[in-house]
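Me: Hi! I'm new to this one, could you walk me through it?
Reply: Happy to, let's take a look together.

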Amino acid sequence: MAAASGEGPALAEGEGDAGGAAASLPAQQEEPGRGQLFNTVVETFLEKLIAAGSYQRFANCYHRFYKLHPEMTRSIYDQFISQLQTSIREEIREIKEEGNLEELFASLDKIVEEAKKREEPAWRPSGIPEEDVHSAMVPYLLKHQAYLRKALKEKEEENRKLADSVLAGRERISELQQQIQNRKQAWQAIGKEQRELIATFQEPE
């Protein structure tokens, strides 16, 4: 009775400490990521597995052997539980590596954090395939249409500048041809005048 009364306050004090720690936990720690939650689930599973396969049940299954060799029974149980935990952890580690789960969990955490910052509501399927395809494809097609219009406008502006450049080149060529023609006519006129001048200075035969 004395032991029971002595354990009562100690249990209540322990429960009070646990409650205080639990109350202060959200304020001290951030929300765990999916990788941490996965590891917590694995550890919880192992704890429940060990609790389900307790030493008492193990001893009851091998009751005669336990009666003859209780210490050896305990040693075999401890080795069995240790190897079982190691084997399960190793299998889960290989699954995480093969499936690249750590990066996938980190990617999911990033997507969730980015979604929290979005002001507009996220897209959700309506259950009607036609409407879902329409709502998903129309924004994409409109965006693509705007891009094509912009590209077409840029090409048209580029073609217009090239056409202006070609016209300017043709005008320059025409001006150069006219200048060449004018100079040719001027040289011809000068040559004619020179011949006439020379003819006036020649003695008549």
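**Pocket and helix contacts**

Reply: Helix H6 gives four residues to the lining of the largest pocket, the largest share. This is a predicted model, where local features need pLDDT of at least 70, side-chain atom pairs count only at pLDDT 80 or more, and totals for chains, interfaces and linings use all residues. Residues are numbered from 1 along each chain as its sequence is written, and side-chain values use heavy atoms, leaving out hydrogens and water.

Me: Which residues line the largest pocket?
Reply: Glu 31, Pro 32, Gly 33, Arg 34, Leu 37, Asp 109, Val 112, Glu 113 and Lys 116. On a 1 Å grid over the protein atoms alone, a pocket is an open set of points where a 1.4 Å probe fits, with protein on both sides within 12 Å along at least five of seven lines, and lining residues have an atom within 4 Å of a point.

Me: And which elements give two or more residues to that lining?
Reply: H2 and H6 (101-117) do; helices are DSSP runs of H or I, at least four residues, numbered from the N terminus.

Me: OK, new topic. How do H2 and H6 cross?
Reply: Their axes, lines fitted to C-alpha atoms over the stretch in contact, come within 8 Å and cross at roughly 125°.

Me: Which residues make the contact?
Reply: Arg 34, Gly 35 and Phe 38 of H2, with Leu 101, Phe 105, Leu 108, Asp 109 and Val 112 of H6. Contact means heavy atoms within 4.5 Å.

Me: What about H2 and H5, what angle do they pack at?
Reply: About 155°, with the axes of H2 (residues 34-52) and H5 (residues 70-98) 11 Å apart. H2 and H5 are therefore roughly antiparallel to each other.

Terms used:
Axes fitted to C-alpha atoms, helices over the stretch in contact; angles between N-to-C directions. Parallel < 35°, antiparallel > 145°, perpendicular 65-115°, else oblique.
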